[in-house]
Amino acid sequence: MLSGFAGSGKGTIMKELLARYPEEYALSVSTTTRQPRPGEAEGREYFFKTTKEFEQMIAEDALLEYARYVDNYYGTPRAYVEEQLQSSRNVILEIEIQGALLIKEKFPDTLLLFVTPPSAAVLRDRLVGRGTETPEVVHSRLSRAIEEADGCEAYDYLVINDDLDTCVEDVHRIICSERNRMRHRLSEIEKIKHDLKQLVKGEQL
Ligand code: 5GP
């Protein structure tokens with residue numbers, strides 16, 4: 001799970017990860033009631049819904065988690081994530097902190113990464129420079145960022161997005177290392193032990 005301040009570049013990092021390692025990652029596309037930004041496409045950045053449609057999804061338990069963020073709903077559709085978890089791909093969710101902590105409760109093995117720009121001034125400049133947000137929205141996102149930083153201690157890693165290329169490789173390396181944790185690899189060791197025993201007995205593999 002990738003969270004971080006609005007304007008930290010999470011979206012760009014994920015797109016880049018998928019472009020570089022398409023076989024290794026599956027991206028969960030969230031659903032939201034916010035308006036599409038210019039250039040965003042239905043089903044690519046988000047599934048855009050009305051509040052009524054979103055509340056219907058909540059009622060049908062079709063969301064793994066959802067949260068309100070700056071006057072809009074955001075949620076993770078359950079079906080895609082559950083389907084991808086059956087494959088060997090790393091499923092990436094780019095969601096805010098409240099939702100991330102809910103998912104961590106449901107899936108304790110989830111890895112939590114928090115992305116930040118190098119400084120508050122860079123964060124403000126990126127939000128303003130995006131040119132798609134009103135000054136009021138920029139203001140509420142900066143205020144929200146203060147709250148988001150409060151929950152960071154629950155996260156596993158901090159990633160600083162100064163140079164995009166370095167940051168993408170950092171994220172990839174962290175995820176690869178996590179997958180190599182012994183508790184995720186025990187079945188492979190068991191297989192090797194099993195085969196070794198056969199070899200010791202003089203049996204063919
Ligand atoms: P934005 O409007 O900038 O695309 O996203 C606003 C915030 O909502 C970001 O922090 C983003 O990570 C978060 N977000 C996006 N999708 C989801 C989701 O499915 N669930 C939750 N809880 N947060 C989400």
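Contact here means heavy atoms within 4.5 Å, and helices (H or I, at least four residues) and strands (E, at least two) are DSSP runs, numbered from the N terminus. The model is predicted, so that local features need pLDDT of at least 70 and side-chain atom pairs count only at pLDDT 80 or more, while totals for chains, interfaces and linings use all residues. Residues are numbered from 1 along each chain as its sequence is written, and side-chain values use heavy atoms, with hydrogens and water left out.

**First stop: H1 and H7**

H1 and H7 pack at an angle of about 70°, with their axes 10 Å apart; axes are lines fitted to C-alpha atoms, for helices over the stretch in contact, and angles run from 0 to 180 degrees between N-to-C directions. H1 and H7 are therefore roughly perpendicular to each other, a term for angles of 65 to 115 degrees, whereas those over 145 count as roughly antiparallel.

**Second stop: H5 and H6**

Move on to helix H5 (residues 120-130) and helix H6 (residues 135-150), whose axes lie 10 Å apart at an angle of about 150°, and which are therefore roughly antiparallel to each other. To display the contact, select Leu123, Arg124, Leu127, Val128 and Arg130 in H5 together with Val138, Arg141, Leu142 and Ala145 in H6; the residues of this contact divide into 6 nonpolar, no polar and 3 charged.

Centre the view on Gly11, Arg37, Tyr46, Glu94 and Arg130, which of the 35 lining residues lie nearest the centre of the largest pocket. A pocket is an open set of points on a 1 Å grid over the protein atoms alone, where a 1.4 Å probe fits, with protein on both sides within 12 Å along at least five of seven lines, and lining residues have an atom within 4 Å of a point. The volume of the largest pocket is about 940 Å³, a volume being the space filled by probe spheres set on the points, which are joined across faces, edges and corners. H1 gives the most to this lining, with 5 residues, and the lining as a whole divides into 11 nonpolar, 10 polar and 14 charged residues.

**Last stop: the second largest pocket**

The second largest pocket holds about 700 Å³ of space, and Leu85, Asn90, Val91, Asp109 and Thr110 are the closest to its centre among its 26 lining residues. H7 gives the most to this lining, with 4 residues.

Conventions:
Angles under 35 degrees count as roughly parallel, over 145 as roughly antiparallel, 65 to 115 as roughly perpendicular and the rest as oblique. Ala, Val, Leu, Ile, Met, Phe, Trp, Tyr, Cys and Pro count as nonpolar, Asp, Glu, Lys and Arg as charged, and the others, Gly among them, as polar.
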